[in-house]
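Hi,

Here is the structure I promised to pass on. Have a look at it first, and my notes follow below.

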Amino acid sequence: MKIGFIAKTLITSIGFFTLFAPSQASAQLIPQPWVSVGGKDGDVTYAVGARALNFGVELGTGPDGATGVDVLKFISLPVVSPYVGVGLYSEDKGVAVSGGVQVGATDNVFVGAGYNSIRGFNGQVGIRF
């Protein structure tokens, strides 16, 4: 009887410890900036962005001088971070949708690739502090 009680208590304690133990924080409070260069329909497009707390903002220029802002939502996985976003652009370009992935190349550098419906395909390089 006493061994059964100890075993139940131990298993329950381990279960509660696993359930309520603090996990590693997946969100970073310091923004992670990046630059992006891409192209669509023969025009070169540029963007700069920053990510914090699994959300991001990207300011970009597209074809015909269109300028806009995209709001991004990241899904934080161990090595890769896919994202989706929506933005608004000038020059009658309207609403843009975007998506892509960022991959950690080293501890402080990440690279990425993405697509924006107005700016086209792009490559990204950024830093982590």
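To start with a side chain you can find yourself: is Asp64 buried or exposed? Asp64 is exposed, with a relative accessible area of 60% (buried means under 20%, exposed over 50%, partly exposed in between, with a 1.4 Å probe and protein chains only).

Before the rest, a word on the source. This is a predicted model, where local features need pLDDT of at least 70 and side-chain atom pairs count only at pLDDT 80 or more, while totals for chains, interfaces and linings use all residues. Residues are numbered from 1 along each chain as its sequence is written, and side-chain values use heavy atoms, with hydrogens and water left out.

I was after salt bridges (a side-chain nitrogen of Lys or Arg within 4 Å of a carboxyl oxygen of Asp or Glu), and the structure has three of them.

Asp64 pairs with Lys93, with the closest N and O atoms 3.2 Å apart. That pair links distant parts of the chain, 29 residues apart: Asp64 lies in the loop between S3 and S4, and Lys93 in the loop between S5 and S6 (strands are DSSP runs of E, at least two residues, numbered from the N terminus). Lys93 counts as partly exposed, at 32% relative accessibility.

Then there's Arg119. Its side chain meets Glu58 in a salt bridge at 3.1 Å, N to O. Glu58 is in strand S3, 61 residues from Arg119, which sits in the loop between S7 and S8. Arg119 also forms a salt bridge with Asp70, at 3.0 Å between the closest N and O atoms. Asp70 belongs to strand S4. Arg119 and Glu58 are buried, and Asp70 is buried too. Shared partners join Glu58, Asp70 and Arg119 into one network.

Cheers

Note on methods. Helix = DSSP H or I, 4+ residues; strand = E, 2+ residues; numbered from the N terminus.
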